[in-house]
Amino acid sequence: MRLTVELAAGRKSSLLLRNPVMLAAGTCGYGLEYARIAEIERLGAIVSKGTTLRPRRGNAQPRTREVAAGLLNAIGLQNPGIETVIRRYAPIWSTWQTPVIVNIAGETVEEFAELAQRLEGVPGVAGIEVNVSCPNVRAGGRVFGESPEAVAAVTAAVRQSTTLPVIVKLSPNTGDARPTALAAAEAGADAVSLINTLTGMDIDLEARRPLPAHGTGGLSGPAIRPLALRMVYEVACELRERQPGVAVIGIGGITSASDALAFIMAGAVAVQIGTANFVNPRTGVLVLEGIEAFMRAHGIENIAELVGAALP
Amino acid sequence: MRLYRATLAENRMLRQGLHLLELEAPALAQAVRPGQYCMVRCAEEGSFDPLLRRPFFVHSIEGERCRILLQVRGRGTAWLARRSTGEKLDLLGPLGQGWRLPPRLSTLLLVAEGFGVVTLALLAQRASEQGLAVTLVQEVTQLPEGYPAALLPEEVEYHLVTSDGGAGQQRTLLTVLGDYLSWADAVCLGVSRETALQLRRRFERLRRPGFAQVAVLQPLVCGTGTCLACALETSRGPRLICQEGPIFDLQILMQG
Ligand SMILES: Cc1cc2nc3c(=O)[nH]c(=O)nc-3n(C[C@H](O)[C@H](O)[C@H](O)COP(=O)(O)O)c2cc1C
């Protein structure tokens, strides 16, 4: 049975995943927290916590709010900064079989480029995922990911700064991810991943204030799966038509192999598991085993036969 | 840290909304230290609502069984309270750092506010097994909220303070704690952050290095130091409640 997925095929440092199951940014830390219990060595890849140039302390408490079948979070990109990540974690990653993709976040195009430059040639770093869901300080705090022009600018800058595979992680908050997906693809992305969290809110009735304390929070978990699936399907259709070399990675509410297979049939070559890791750190392994069982039961030899199987 | 499927050996309702769950969990019983906790799934297998696990302290251990004292507070705990004998529960644990007692100790004071007593129960059991003189002082607003004293080891002295003022003058931890503090070699607090800070301001002894620790409770998401939802500002920089806590030195606690 063949489960391997090649990202950035043909590029100098293409990325071969043993299987299509990845763990999503911000939900598996730098991999060490879950390394043993989650059997990370069996997974296709893991994506690190969103990392910035300088260390960030993150937002005020409370940072999360549980909602029906979902979670609102406003962690605020708490992280130790790129230098510490390179020094502390990359040497450990370089001893792992499982590739680690570093998720980067900047407030200006130049910051994204600098982050990519710092990661160039670092042993243990297998790829870059560009988180364009952060506010662009130059553009008065507008989120990069909500404008195709800004996505194109960031993607091009990262592309020029690295030989590593570049994945651009798209925001769902525009309603339609096709314009930003196309912008990323045309600017040199090897793949797009979607979706990041949806901006939401709850209200603390006693305090009469929004929750999380930040004011809004990103909604994730099973509640967002149908929406994520629709966006992945649309983007996969669009890219197949206009940028067939660019892969799609599906994210959003995956808790089981059935969920993952739905994304794959909607056109994703790989999937990322996020919030479900908090519920069961072994979700990745269970999803993988479930995909294998499905393929055996349906006599499928190569996972590629399923990718996009539900597209028109 | 491990994942367990533990069989529910008994679910005893102590009073409305208060249950004592007894779980067949040999490895957890072996591994857990007082002040550590586990995260329990509170939904059917394959169901994701409620989504997140709920944290519970191990209340007491008997042989290979772990007990959890469960107060019904919402959908998750209500689901757990309805489980019956023989059902399997999904646990992740033990998690966090427990109470760190100084060496050469002979008297230990435990201070609880309401249900905060769950952070201290296993410590009371272990400390009295080791021959320490243990006193538990608990403040409750109304009498029926008191801790079912029958759950404590016999050797533990249990003093209840009711702050509703009904029985004579109003007594609170702030008014009664002085006498106990001069007796104790160490103090463990299962109280709210506000109360802990009030007590620290009021009693000089509580400001001594290494003398007092406090359990900091809040809803947790992952329990493993992964999601960074529970960062706590302390006088020594940020700490993760789920992983570096939930027990902290009282000295480093800061205003919320
Ligand atoms: C607590 C938390 C932290 C996250 N941090 C990041 C991050 O740093 N960078 C990023 O690109 N996405 C981050 N995400 C988004 C996830 O990677 C994922 O895109 C999203 O949660 C949807 O997938 P899910 O429903 O499987 O969780 C975070 C999500 C959560 C819940």
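The UniProt annotation "binding site", from an unreviewed entry, covers Cys222(B), Cys227(B), Cys230(B) and Cys242(B). These residues span 21 positions in sequence, yet no two of their C-alpha atoms are more than 9.9 Å apart, so they gather at one spot. UniProt positions follow the numbering used here, feature names are shortened, and annotations may be inferred rather than shown by experiment. This is a predicted model, in which local features need pLDDT of at least 70, side-chain atom pairs count only at pLDDT 80 or more, and totals for chains, interfaces and linings use all residues. Residues are numbered from 1 along each chain as its sequence is written, while chains are lettered from A and ligands numbered from 1 in the order in which they are written.

**Two of the annotated cysteines**

- Cys222(B) lies in the loop between β12 (212-215) and β13 (231-234) of chain B; strands (E, at least two residues) and helices (H or I, at least four) are DSSP runs, numbered from the N terminus.
- Cys222(B) is buried, with 29 other C-beta atoms within 10 Å (buried: 20 or more such atoms; exposed: 12 or fewer; partly exposed: in between; C-beta atoms are placed from the backbone).
- Beyond its neighbours within four places in sequence, Cys222(B) is in contact with Phe278(A), Cys227(B) and Cys242(B), contact being C-beta atoms, placed from the backbone, within 7 Å.
- Cys242(B) belongs to helix α6 (residues 241-244) of chain B and is buried, with 26 other C-beta atoms within 10 Å.
- Not counting residues up to four places away in sequence, Cys242(B) touches several residues, among them Leu95(B), Leu220(B), Cys222(B) and Cys230(B).

**A sheet in chain B**

- Six strands of chain B form an open sheet of mixed pairing, in the order β10-β9-β8-β11-β12-β15; two strands pair if DSSP finds at least two bridges between them.
- The edge strands, each pairing on one side only, are β10 (157-162) and β15 (247-249) of chain B.
- Strand β11 (residues 186-190) of chain B pairs with β12(B) in the parallel sense over three bridges, and Val187(B) has Ala212(B) in β12(B) as its bridge partner.

**The ligand and its surroundings**

- The ligand lies between chains A and B.
- Around the ligand are 27 residues, of which Gly26(A), Gly50(A), Ser220(A), Gly274(A) and Thr275(A) come nearest (a residue is near if its C-beta atom, placed from the backbone, lies within 6 Å).

How values were computed
Contact = placed C-beta atoms within 7 Å.
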